[in-house]
Amino acid sequence: MSGAVRRFDVAVIGGGSAGLAASITAARQGARTVLLERQGSAGGMGTAALVHSFCGLYLLRQEPGAVLANPGFCGEIERRMIEATGMGPQRFGRVDVLPQHPVEFARIADGMLAAESGLETRFHTVVTGVEREADGWRIDLADGGRMFCKALVDASGDAVVAGWLGGGFAVAPAAVLQRPAYVFGVRCGAVLDDAGRLRVSGLLVEGLRAGALPSAAMGLSFRASGRPGEVFGSVDLTGGVDGAEFDPLDPACLTALETTGRRVAHEAVRHLAERDPEWMGAYVSHWPARAGIRESRRWIGEHVLTGDEVTAGATFEDQIALATWPMEMRETARGPKLRFPVDDRPCGIPLRCLKPAGLERLWVAGRCISTDHEAQASTRVMGTCFATGEAAGREAAKVADA
Amino acid sequence: MASSKKLSPNPTELIDWMNGEGLLELDWDFPEDGDLFAAGLDSMAVMQLVVAVEDEYGVELTPEDLTKEALATPTTLAALIAGKMS
Ligand SMILES: Cc1cc2nc3c(=O)[nH]c(=O)nc-3n(C[C@H](O)[C@H](O)[C@H](O)COP(=O)(O)OP(=O)(O)OC[C@H]3O[C@@H](n4cnc5c(N)ncnc54)[C@H](O)[C@@H]3O)c2cc1C
C-alpha cells in the first residue's frame, strides 16, 4: 500500500500480550495509536503458539485464593477470560494459574481492540525497519508503506527494533537459551487424570523403546483444554541436535522446530490412538500458527533486572509492575525447573527496564524487556507481559502528548 | 546381564540418584515417604524416570507399573524397582 505517510502518536510493534495491553492503554490515554501485527490475530504466543495458561497474574502466597499482582489490564483480561471459559484460577503446587483458551483469547482481543476509537489495528502487517527522525520514528512496512509515530513501543518479543538498530541487546548463549516448544490441539475423549497421564507416559516410553517414536517424543506432555473432548499437547524441543545450534531468530532453525513438532505430534497421537482405549479415534485437530519461543533477544535498558533481584524480591522507586512468577528455567527439553523468590516475595520491575538505554521516544514491553537471562525466566510470562505492556503504553502516550 | 550386578536401591539412594540424573530437584532432607508428584514428578519426568531406571537398574517399567501409588514416594518407587529386579 502506498500513498501518504500515516502519522500516529504511538505505534506498537507486535500484538502479543504485551502489545495488546500497550496499544489499548495508549489509546485510552488519548493517543492516536496503531498496532502492527504480522499474524491474523492478537495474542502472540497465547494465540499463534497455543500457549494456554496465563501465569504471573497472581501473587505467590501460602493462603488459599488467588490475588492479582497487577490489577488494571490484567484484571480486565482475567474477568473476560473467566467469563469465556467458565474456569477460574487454579493452584498447582505453589502457584496460581488462570487457564486460558487461545480461541477465546483471539476473540476477546478483537473485542477489546475494536472498543478503542483512537486505536487502529493492522494485522498482516510486517514491520521491516525503523528510523529515528527529529520528533519520532519512521516505520517501514513489508508492503513498501511507511508510517510515522511520535513514540514507539517494541512489543515484538524478539526486540526487533534493537536488531534493526544493530545493538543495545543481549542474547543468551545458544546452549542455555530457554528451550522452544511446539503446542498443538488434539480431539480426544481421554480423561487426563493422574492415572490417564501416567498411562500416556508409559505408552510413549514403550513407543520410544520400540523405535516407533522419534526421540523428541521424550518432551511430550498433554493437558486437558477445559473443553470436552479437547486436549493440548506440548513437545519441548532442544532446538538442534544437542541444543548448541539453537537460534530462535534463524528461519532455518524455526523451520526445523515446526516440522519436528508436527512430526512428533502426529506420530505420538497415532501411537496413543492405537494402544489406549481412551485415545481411540484421537487425532490432531489444531496446528499452531507458529512454534513457541520462550527467549531470544533482550533489550539492554537503563536498568537490567537480574535473577538475584527477582530472588530477593527487590523493590524500586520507579517500579511499574510486579513480577511474581518463579524463575521457570527451561534450559533443557526435560521440563521446567522452578526457582522461587525468598519468602514468595514479588519483585518490582522498574520503568527503566522498559527504557532502552540512550534512545528517546522508545519503550519496550513483554518478554524482551531489559532483564538478564534468569530474570527473564520470570518476567516472560503473559501476566507480567500484560503489566509491562500497560506501563509502556501509558508512558509512550505521555511522550506523544508532550 | 549388566543389571544383575546392580543392587536394588534403597529410598535414600534413589533420592540422590534422581537428583544426580536431573530428574527432580529434591531437597537434601527430602523424606523417604515424601510426595514425589508434589515435588515435580510430572508426566515428562515420569518418562525420563522410566528410561533412566532402565539404564541404571536394567528393569523395564511397563505402562501397567506406572500407577500413582507405585510412584508416590521414594519408598514405593524403591519397592517397585526391587520387585522388578528380583
Ligand atoms: C511453549 C511455551 C509455553 C509457555 N507457557 C506459558 C504459560 O503457561 N503461561 C504464561 O503466562 N506464559 C507462558 N509462556 C511465555 C509467554 O507465552 C510469552 O513469553 C509471552 O506470550 C510473550 O508475550 P509478548 O507479547 O512479549 O511476545 P509475543 O507473544 O511473542 O508477541 C509478539 C508479537 O509481535 C509480532 N511481531 C514480531 N515481529 C514483528 C514484526 N516485525 N512486524 C509485525 N509484528 C511482529 C509477533 O507476530 C507476535 O504476535 C510460554 C511460552 C512458550 C513459548
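**Entry 1: salt bridges overall**

A salt bridge is a side-chain nitrogen of Lys or Arg within 4 Å of a carboxyl oxygen of Asp or Glu. I searched the whole structure with this rule and got 32 salt bridges over all chains. I noted that this is a predicted model, in which local features need pLDDT of at least 70, side-chain atom pairs count only at pLDDT 80 or more, and totals for chains, interfaces and linings use all residues. Residues are numbered from 1 along each chain as its sequence is written, chains are lettered from A and ligands numbered from 1 in the order in which they are written, and side-chain values use heavy atoms, with hydrogens and water left out.

I then looked up one pair, A:Arg227 and A:Glu104, and found the closest N and O atoms of this salt bridge 2.9 Å apart. Where do these two residues sit in the chain? A:Arg227 lies in the loop between strand S12 (220-224) and strand S13 (230-236) of chain A, A:Glu104 lies in helix H3 of chain A, and 123 residues separate them. Helices (H or I, at least four residues) and strands (E, at least two) are DSSP runs, numbered from the N terminus.

**Entry 2: the two domains of chain A**

I looked up the domains, whose bounds come from an automatic or database domain assignment. In chain A, domain 1 covers 6-173 + 296-401 and domain 2 covers 181-286. Taken over C-alpha atoms, their centres are 28 Å apart.

Next I checked contact, which means heavy atoms within 4.5 Å. In chain A, 15 residues of domain 1 are in contact with 17 residues of domain 2. The two domains of chain A bury about 1300 Å² between them, with 64% of it on carbon and sulfur atoms. Buried area is the accessible area (1.4 Å probe) that two parts lose on being put together, summed over both.

How many salt bridges does the rule find across the interface of domain 1 and domain 2 of chain A? I found 2 salt bridges there. I also looked up the salt bridge in which the side chains of A:Asp236 and A:Arg330 meet, at 2.9 Å from N to O. On the side of domain 1 of chain A that touches domain 2, helix H3 (residues 102-114) gives the largest share, 3 residues. That side divides into 6 nonpolar, 5 polar and 4 charged residues. For these classes, Ala, Val, Leu, Ile, Met, Phe, Trp, Tyr, Cys and Pro count as nonpolar, Asp, Glu, Lys and Arg as charged, and the others, Gly among them, as polar.

**Entry 3: a sheet in chain A**

Two strands pair if DSSP finds at least two bridges between them. I found an open sheet of 3 strands in chain A, in the order S3-S5-S4, with antiparallel pairing. Strand S3 (53-54) and strand S4 (90-92) of chain A are the edge strands, each pairing on one side only. S3(A) is joined by 2 bridges to strand S5 (residues 95-99) of chain A. One bridge partner I looked up was that of A:Ser53, which is A:Pro99 in S5(A).

**Entry 4: chain A against chain B**

I counted 24 residues from chain A and 21 residues from chain B in the contact. The area buried between chain A and chain B is about 1900 Å², and carbon and sulfur atoms give 60% of it. Which three residues supply more of the area that chain A buries against chain B than any other three? They are A:Leu198, A:Arg209 and A:Arg334, with 36%.

Between chain A and chain B I counted 4 salt bridges. I looked up the salt bridge of A:Arg209 with B:Glu60, where the closest N and O atoms are 3.7 Å apart. Helix H5 (194-209), S12 and strand S18 (337-339) of chain A each supply at least two residues of the side that touches chain B. H5(A) gives the most to that side, with 11 residues.
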